[in-house]
Amino acid sequence: MEDERRRFEETFLPFLDAAYNLARWIVPHDQDAQDIVQEAYLRALKGYHGFRGGNGRAWLLTIVRNTAYTWINRHSADEKLVPYEEEKHAEIISFNQSGHEMVIERRKEYLQRALERLPTEFREIIILYELEGLSYKELALALGLPVGTVMSRLSRARRRLQQEFAQFRSSEAANGL
Amino acid sequence: MDCDEVRQCLDAYVDGELEFTRPSEIKTHLAGCPACQLAAEQIASLSSIVWIDMEVYKAPRELRSKIRTALRKEFEPRFAWFFKYGHSLAYGAIVLAFGFALAWTWATFAGNKNQ
């Protein structure tokens, strides 16, 4: 049994950053994301016998995602889920940066804000595909959707992200920045 | 394929997720349609912006050790009894086995004598 635990840790602990990143993008607070990830690892351990090899990262991220939604449902009932505080979480741009660095930092900031404005279902699919590199088939398994729906959801998520991103950039232009 | 059909699966095409003959049909369409070509470029460009610029949250250090502790605890209750009573149980099993062997020997020899 000790061996089993060690095997589990060796297989899944390397994906801890990915698990935390996903949870952190679904819920806004660090401590909540940590609780979700911890719970997800315990769930994964319980379901470890059902894991038939393959993409362990995708398997674990599916559990993290499901745990996050259970957590949201549980906590939204007693209104503990605090909405995202944009000002608090926005990146601070240092004024002594060079012009090029400023442009990069601004782009990062706008992207961050644009992502935060997306509905969770769009945000999670962007993260799972663009950042975590899940294939369409793995996305379908993780999200419990047919591949065709994954295709259209990802497409809609990108269009929406593009719009939000463009909005920030045009407001910058309007403000003469 | 017309523009509407192409747009429906353009993301999957850019992502290299389309199967069968459709990629070549889309490729042909893109070669003659600047608007769809631009849309494909925008998809690819957004993907790379997200990949390069998106904030990636790293797990805090203490989370790893918290998870390790929780995983260990998960194994503890089921096996704690073994470490606590394991030796006594093993001795008990030996005594029982020895007792059975003795009884069997006695029964066998006593049976033979009576015959």
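Analyst: **A helix crossing in chain A**

Helix α2 (residues 16–26) of chain A and helix α3 (residues 30–46) of chain A have axes that come within 9 Å and cross at roughly 130°. That angle makes α2(A) oblique to α3(A). Angles under 35 degrees count as roughly parallel, over 145 as roughly antiparallel, 65 to 115 as roughly perpendicular, and the rest as oblique. Axes are lines fitted to C-alpha atoms, for helices over the stretch in contact, and angles run from 0 to 180 degrees between N-to-C directions. The crossing of α2(A) with α3(A) is right-handed. A crossing is right-handed if the near helix is turned clockwise from the far one by less than a right angle, and left-handed if anticlockwise.

This is a predicted model: local features need pLDDT of at least 70, side-chain atom pairs count only at pLDDT 80 or more, and totals for chains, interfaces and linings use all residues. Residues are numbered from 1 along each chain as its sequence is written, while chains are lettered from A and ligands numbered from 1 in the order in which they are written.

Which residues meet at the crossing of α2(A) and α3(A)? From α2(A) come A:A19, A:Y20, A:A23 and A:R24. From α3(A) come A:D30, A:A33, A:I36, A:V37 and A:A40. Contact here puts two C-beta atoms, placed from the backbone, within 7 Å. By class, the residues of this contact are seven nonpolar, no polar and two charged. Ala, Val, Leu, Ile, Met, Phe, Trp, Tyr, Cys and Pro count as nonpolar; Asp, Glu, Lys and Arg as charged; the others, Gly among them, as polar.

Now α2(A) on its own. Nine of its eleven residues are buried, so α2(A) is largely enclosed by the rest of the structure. Buried residues have 20 or more other C-beta atoms within 10 Å of their own, exposed ones 12 or fewer, and partly exposed ones a count in between, with C-beta atoms placed from the backbone. The buried residues of α2(A) include A:A18, A:L22 and A:W25. In chain A, 32% of the 177 residues count as buried.

A:R57 and A:A18 are 39 residues apart in sequence, but 8.1 Å apart in space, C-alpha to C-alpha. A:R57 sits in helix α4 of chain A. With 18 other C-beta atoms within 10 Å, A:R57 is partly exposed.

Next, the domains. Chain A divides into domain 1 (1–83) and domain 2 (97–177), with bounds from an automatic or database domain assignment. Ten residues of domain 1 of chain A are in contact with ten of domain 2. On the domain 1 side, α2 and α4 (56–77) of chain A each give two or more residues. The largest share, five residues, comes from α4(A). That side has six nonpolar, two polar and two charged residues.

Finally, the other chain. Chain A brings 30 residues into contact with 29 residues of chain B. Among the elements that supply at least two residues each to chain A's side are α2 and α3. That side divides into 16 nonpolar, six polar and eight charged residues.

Overall, chain A has nine helices and zero strands. Helices (H or I, at least four residues) and strands (E, at least two) are DSSP runs, numbered from the N terminus.
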